[in-house]
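Please open the structure in your viewer and keep the selection tool at hand.

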Amino acid sequence: MLAKTKSYALNGVDGYEVSIEVDLNAGLPSYDMVGLADTAIKESKERVRSAIKNSLYTYPIRKITINLAPAYTKKEGSHFDLPIALGILVASEEIVSKTYKDYIILGELSLDGSINHIKGVMPLVISAVQKGYKKFILPAKNAKEASYISGIEVYAFDKLKEVVDFLTGEIQAQPLQTSEFVSMQSLNKYNVDLSEVKGQFVAKRALEIAVAGGHNLLMIGPPGAGKTMMAKCVPTIMPDMTFEEAIEVTKIHSIAGILDSSIGIVASRPFRTPHHTATIPALMGGGSNARPGEISLAHNGVLFLDEMPEYQRRTLETLRQPLEDGVAVVSRAKHTLEYPARFMLVASMNPCPCGNLGSKSKECKCSPSEIHRYVSKLSGPLLDRIDLQVEVDGISYEEFSDAAPSESSASVRARVEKARGIQRARYASSTTKTNDEMTNAEVRKYCKLDSVGEALLKNGFTRLNLTARASSRVLKVARTIADLDGSEDVSAHHIAEAIQYRSLDRKYWD
Amino acid sequence: MKYDNDTKALIMLSTVEGYKARRKKFDQVERPAELYDDYSIADRMIEDMDKFGVRVMTILDDDYPPQLKSIYDPPLTLYYIGDKNLLSQENLLGVVGTRRVTAYGKNIMQNFLPVFIDSGLVIVSGLARGVDSIGHRFCVDKGKATIGVVANGLDICYPPENERLQEQVSKVGVLVSEYPIKTKPLQFHFPERNRIISGLSKGIFIPEAGDKSGSLITADDAVEQGRELFVVPGSIFSTASVGCNKKIKELQATIALTPEDVLETLGYDAKKTEKEVVQLSLEEQALINLMGSEKIHLYALMEKSGLNIAALSSELSRLEIMGVIRKQQGNYYEVIPSM
């Protein structure tokens with residue numbers, strides 16, 4: 001008899017249906033699998049046999065042929081174990097089930113017949129739902145993750161035997177209860193707060209502006225100034241993730257296998273800090289077993305590049321396209337993958353290789369050419385995409401004042417959300433979401449300057465040697481400052497403040 | 001371009017490393033043309049020079065700068081791009097100094113250079129980092145002629161970040177080198193280059209120079225060649241001014257406290273330069289007063305002024321754009337002193 005079970009496979013973050021056909025033929029006992037399966041799937045042979053045997057069913061001593069259709073796509077992962085085992089049981093007429101074809105079945109088997117946790121449940125289920133499938137059989141260990149998707153029936157099991165009993169009608173099972181999405185603010189999982197950062201008014205103000213307008217940020221300062229600490233605070237002042245955003249993030253984290261299965265959803269904005277030795281595939285995604293890179297894991301959150309010039313230049317340059325388009329495209333000879341990658345880039349660097357340039361207490365020992373080489377590691381086009389460049393102070397605020405109470409993340413976030421609200425209203429009819437994403441036409445439309453502002457901008461460029469490309473950047477940042485101000489128009493003092501946050505454009509390094 | 005055989009011979013001779021070696025060969029013969037029989041190398045070099053717009057003049061030419069001819073070791077060839085007539089002018093002032101300029105040095109340049117230029121002096125310098133670049137850029141920005149003397153072939157740019165500046169100098173003024181094209185900037189070329197800067201100039205002005213600054217070699221050359229040497233004294237604690245102060249101690253230099261000190265010695269009338277009158281509002285003036293004369297950190301200023309970070313950043317930008325203050329590294333600000 002021929003049995004067909006249904007399962008799903010992933011290509012990037014999107015899934016497609018895979019039909020698993022099991023046929024038993026006369027001939028010497030064997031187990032053949034066709035349909036471009038990777039090693040993990042091919043090895044299912046041993047798991048499936050032991051799991052069937054140890055669940056006290058009979059494994060057919062026949063020539064077994066398994067086809068994964070469509071046959072021309074490369075399939076990865078271990079979640080085909082369960083549908084294959086069920087297919088074999090049905091095909092050998094060991095069990096009789098009328099309902100098994102109604103379900104999308106995902107699960108990895110253990111030798112003892114229990115069902116293991118698998119990767120990528122969220123994106124697999126969501127793509128199947130979009131195709132109209134409503135019934136799923138999943139590992140119990142992935143139940144939480146699937147429970148956030150409403151309008152479907154999910155049955156989660158721990159053992160192969162339970163699945164068989166359920167499909168043959170021997171036991172009844174209840175579909176999973178849908179979980180309510182609770183955003184992170186109520187759980188308060190962030191263990192840092194902006195109030196812990198003393199002083200650093202410039203950097204903190206820049207953080208606020210950057211988050212409010214979705215701008216990228218570069219912090220320049222000596223080692224130990226607190227750049228990393230402030231970067232970690234960025235998610236705490238970002239607006240709460242909506243359910244849709246959380247689902248997008250969860251899909252990616254699920255594929256990468258870093259999802260906390262006890263929570264089942266990523267409810268706090270991701271904060272990713274790839275090391276500076278990171279390779280291009282690690283950052284962009286890809287590899288022989290396609291895996292989302294750091295920039296995709298930072299989707300809807302923050303990608304923090306500490307000591308940015310220490311990264312390989314080639315690696316940094318690959319960031320340019322995702323920064324522009326919000327997707328990471330991984331092209332390989334045989335296939336192209338796309339992972340979403342809309343993140344806020346926060347980067348830090350020392351003012352020079354030794355870190356003491358401009359310091360009052362320590363002398364910088366770097367030669368001008370060393371400094372030039374260090375700074376020029378960041379190419380113009382890349383810097384062009386970083387709107388705010390501010391200096392972080394190496395000195396403690398106590399030098400000037402007895403610790404004044406610092407503002408908490410919550411109150412900064414309130415202002416950020418207000419500014420984001422203004423932007424949402426403004427860009428209601430556009431694909432633009434934040435000021436950072438404004439097109440040139442929108443910049444002209446929404447950043448109109450009066451004559452005073454116009455003159456200020458013009459003089460600013462000649463006097464401060466600002467590069468020409470900084471112009472629209474300054475305007476966008478000024479727009480955000482005006483939004484934070486609750487001001488309809490961008491006026492001269494908004495422009496003036498925005499210019500103050502373009503540190504790298506100035507030629508200190510002369 | 002067509003050149004006579006003497007010039008071609010000198011072009012070929014200029015590929016010999018070391019001034020002494022070149023000079024020795026040059027002095028052996030009556031006419032340089034006697035040095036070589038085959039000029040095909042020179043022809044090829046001239047072809048390459050034409051591609052880059054490089055011309056050459058030799059010590060035998062009538063338009064060779066007379067003041068340069070009078071030094072002990074005048075270059076036999078001068079490759080140039082731009083207006084060669086500038087080289088023979090008498091109003092040339094060399095401005096050289098440290099590659100690592102401090103705010104003090106920048107302030108000096110900002111106060112002295114406009115007066116020099118407006119009084120009719122043309123700035124000669126070496127297109128190095130620091131003082132040299134600032135001097136050239138100042139002239140280029142104002143569209144004033146300037147002379148850049150480099151230590152490599154004119155098709156090469158050193159330091160690389162000055163590529164644009166080098167091109168601009170050749171447009172508004174003239175770019176000069178003793179070395180044929182494709183010559184790399186070797187270490188010993190720099191002191192050789194320095195003697196040309198001082199040789200062309202009537203005087204050498206050093207705003208800031210450290211202990212081992214190359215500009216001190218130019219200073220020694222200037223003294224040897226009988227040029228005027230002007231230095232601006234600096235703090236005895238500042239490593240960037242050690243060189244200048246040493247020259248003062250050795251009584252080799254004229255102390256320049258004002259641009260007029262330089263101009264008078266060179267026999268120029270200091271033209272009253274029209275200073276830009278900056279109209280400050282009461283608030284702006286108040287902020288300037290708060291800042292005082294030393295550099296001040298942003299937070300100290302926040303505390304003194306009572307302004308929040310947004311308002312203060314905005315004010316500081318305006319003042320900076322007006323050219324009244326300067327931002328320094330590490331969120332420090334400083335009022336630009338004017339004389």
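Begin by selecting B:Arg326 and B:Glu334, whose side chains meet in a salt bridge with a distance of 3.3 Å from N to O, and bear in mind throughout that this is a predicted model. B:Arg326 is buried, its relative accessible area being 13%, and B:Glu334 also counts as buried, because its relative accessibility of 11% lies under 20%.

Next, turn to chain A and select A:Arg205, A:Glu208, A:Glu407, A:Arg415 and A:Glu497, which are joined into one network by salt bridges that share partners.

Return now to chain B and select B:Lys247 together with B:Glu250, a pair that forms a salt bridge in which the closest N and O atoms are 3.6 Å apart. Is B:Lys247 buried or exposed? With a relative accessible area of 5%, B:Lys247 is buried, whereas B:Glu250, at 43%, is partly exposed.

For the last stop, select B:Lys246 and B:Asp211, which form a salt bridge whose closest N and O atoms lie 3.2 Å apart. Which parts of the chain does this pair link? B:Lys246 sits in helix H10 (residues 242–249) of chain B, while B:Asp211 belongs to the loop between strand E7 (203–206) and helix H9 (215–224) of chain B, so that distant parts of the chain, 35 residues apart, are linked. B:Lys246 counts as partly exposed at 33% relative accessibility, and B:Asp211 is partly exposed too, with a relative accessible area of 41%.

If you wish to continue on your own, the structure holds 34 salt bridges over all chains.

Terms used. Residues numbered from 1 in each chain as written. Chains lettered and ligands numbered in written order. Predicted model: local features only at pLDDT ≥ 70, side-chain atom pairs only at ≥ 80, totals over all residues. Heavy atoms only, no water. Salt bridge = Lys/Arg side-chain N within 4 Å of Asp/Glu carboxyl O. Helix = DSSP H or I, 4+ residues; strand = E, 2+ residues; numbered from the N terminus. Buried < 20%, exposed > 50% of the residue type's maximum accessible area, 1.4 Å probe, protein only.
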